[in-house]
Amino acid sequence: MFKTTTLLRPILVVFAALSLLFTSCKDDDEPASGAEISFTTDAMTIGEGDGMIDVEIELNKPAPRNFTLTYDVGGTAIEGTTETADFDIQGAFGRVDIDKGETSASIQLAVKQDDTNEGDEVITITLDDVNENGIKIGSEDEITITITDDDDDAPLATVSFVETELTAIESDGLIEIEVTLAEAADTDVTVAYELSGTAQDAETETDETPPSDYIIVSEYGTITIPAGQTSAMIEVGLYSDDQLEDPETLEITLIEDGQVQVGTNDKATLTIAQEDGMWIFMSWPGTEEGTLADMDMFVRIGETSETPSWDGILTASAYRDFDYNYEFVFLPRTFSGDLFDLGYDDTTFGLTYTYYDGTLDPLEFEVAFIEFIDGDFEPLGEEEVFIQTYTAEHKNKWTNTAVPSIIAQTIRLSNGEFSDISPITKEASSSRVNFSNRHNKIIRSGSFRKVRPETFKVSKLFPRLY
């Protein structure tokens with residue numbers, strides 16, 4: 001049997017003490033194995049008048065040491081201290097500090113009372129992370145808190161359009177469409193709306209769509225009626241363009257939500273009609289088998305009617321149709337207005353007629369100036385028609401030309417009236433056009449959405465061409 005000597009006893013006592021100390025330190029520093037933290041429930045329902053709310057969090061074992069839990073906040077309810085906020089998180093936002101030994105904690109919310117009929121709203125809180133390796137987030141990591149609206153019995157604000165059918169022409173510029181509130185409210189009332197119809201919206205215009213017909217000048221997609229007032233305006237700006245068009249429509253539909261209800265007049269339709277102007281129509285005989293003629297018409301604008309400079313192109317290659325052999329362009333009567341002031345209400349336009357390519361020699365062509373007034377052409381026989389003949393020497397592929405344009409004909413616009421149409425002049429050779437400043441268009445082109453001439457009975461105006 002082994003006996004401890006007097007010499008060994010002090011050494012063993014020291015080892016025993018060290019062993020006890022090491023074990024004690026290890027138990028104190030290591031986290032509790034398998035500790036999890038989670039919400040006590042995955043859903044809560046509270047009311048606007050409930051005041052302070054504690055959202056409980058629990059650990060399945062005591063916290064081994066001090067640590068921090070972080071979380072994310074989402075949902076339809078607004079957090080903060082502003083007037084429009086629905087709740088405010090107390091203490092440090094997005095984090096909870098938990099002390100050693102604790103088995104629970106809470107996130108405290110201050111729910112705000114208001115008088116707005118807004119419907120129920122939702123808060124979602126999701127546990128994110130802990131800065132302690134020995135603790136993991138459990139399965140109940142998200143809670144959905146529903147704030148029930150205690151103003152449901154209050155009457156909803158009723159909004160509607162004053163007029164449901166409106167008409168305008170392209171040159172009218174700024175159009176105001178009135179939205180009315182049945183009764184003035186103590187707070188601002190904001191109503192959303194949707195846009196539809198055949199007219200193209202500037203906000204959604206792309207390279208794949210037609211050029212825009214209108215732009216929303218006021219706030220896009222919503223209209224706000226200020227507190228104490230009963231109406232506000234949706235402002236629509238109309239664009240002029242260089243094409244004849246069938247009437248187009250803009251439809252605006254009010255959207256009902258939890259804060260407002262829509263009355264009977266929930267949709268307003270604005271019909272945009274063609275503005276007055278001058279239609280310039282160039283045509284040449286139909287080609288026979290084995291022959292070809294390709295012409296182009298360009299319109300330049302002078303700085304003033306007295307001293308035209310021909311610096312800018314108003315439109316180019318106006319319209320081409322190989323079946324009919326014609327091109328046309330439309331010049332609006334008005335180039336200035338309340339919304340889009342282009343400053344061209346007193347000017348002279350210069351026209352170039354180019355024999356681009358072909359085998360017809362000679363090539364006789366015709367240019368007609370036809371006024372479009374109040375939705376229709378002027379009576380047959382009142383148009384002005386000019387005839388000219390080019391030969392092969394006049395052919396000119398303008399795409400390869402960088403010299404000044406040859407202005408073949410001019411027309412004046414002053415105070416909304418067209419006048420002083422000159423005869424067609426021609427050079428001994430060439431019918432060139434300088435197209436280097438093509439980008440200098442001053443009005444929006446409508447080349448994608450032109451109306452075919454037969455819509456306006458061109459065949460009756462020019463029977464010899466058909």
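The following questions and answers go through a predicted model of one protein chain.

Residues are numbered from 1 along each chain as its sequence is written. In this predicted model, local features need pLDDT of at least 70 and side-chain atom pairs count only at pLDDT 80 or more, while totals for chains, interfaces and linings use all residues; side-chain values use heavy atoms, with hydrogens and water left out.

Student: How many helices and strands does the chain have?

Tutor: Helices (H or I, at least four residues) and strands (E, at least two) are DSSP runs, numbered from the N terminus. By that count, the chain has 30 strands and two helices.

Student: What is the mean pLDDT of the chain?

Tutor: pLDDT is the predictor's confidence in each residue, from 0 to 100. A value of 70 or more is reached by 73% of the residues. Over residues 316-322, however, pLDDT is below 50, and over residues 436-466 it stays under 50. The mean for the chain is 77.

Student: What share of the residues is buried?

Tutor: Buried means under 20% relative accessible area, exposed over 50%, and partly exposed in between (1.4 Å probe, protein chains only). The chain has 466 residues. The buried share of them is 43%.

Student: Which residues touch the most other members of the largest nonpolar core?

Tutor: A nonpolar core is a set of buried Ala, Val, Leu, Ile, Met, Phe, Trp, Tyr and Cys residues joined through side-chain atoms within 4.5 Å. The largest one holds 30 residues. Those touching the most other members are Ile37, Ile107, Leu109 and Ile145.

Student: Which residues does Ile107 contact, leaving aside neighbours within four places in sequence?

Tutor: Contact means heavy atoms within 4.5 Å. With those neighbours left aside, the partners of Ile107 are Phe39, Ile53, Asp54, Val55, Ile57, Tyr71, Ile89, Val96 and Ile125.

Student: Which residue in strand 3 is the bridge partner of Ser38?

Tutor: Strand 1 (residues 35-39) and strand 3 (residues 52-59) run antiparallel and are joined by three bridges. In strand 3, the partner of Ser38 is Glu58.

Student: Is Thr126 buried or exposed, or in between?

Tutor: Thr126 belongs to strand 8 (residues 121-130). Its contacts beyond four places in sequence are Tyr71, Asp72, Asp141 and Glu142. Because its relative accessible area is 23%, Thr126 is partly exposed.

Student: Which residue in strand 18 is the bridge partner of Leu195?

Tutor: A second open sheet of five strands has the order 12-20-18-14-16, again with mixed pairing. Within this sheet, strand 14 (residues 189-196) and strand 18 (residues 248-255) pair in the antiparallel sense over five bridges. The partner of Leu195 in strand 18 is Ile252.

Student: Why is strand 25 described as largely enclosed by the rest of the structure?

Tutor: Strand 25 covers residues 346-358, which is 13 residues. It is largely enclosed because the number of them that are buried is ten.

Student: Which residue in strand 29 stands opposite Phe349?

Tutor: Strand 25 runs antiparallel to strand 22 (residues 293-301), with nine bridges. It also runs antiparallel to strand 29 (residues 409-414), with six bridges. On the strand 29 side, the residue opposite Phe349 is Ile411.

Student: Is Asp374 buried or exposed?

Tutor: Asp374 lies in the loop between strand 26 and strand 27. Its phi is positive, about 55°, although Asp374 is not a glycine. Because its relative accessibility is 70%, Asp374 counts as exposed.

Student: Is Glu383 buried or exposed?

Tutor: Glu383 lies in the loop between strand 27 (376-377) and strand 28 (384-390). Beyond four places in sequence, Glu383 is in contact with Phe369, Ile370 and Glu378. Because its relative accessibility is 16%, Glu383 counts as buried.

Methods. Two strands pair if DSSP finds at least two bridges between them.
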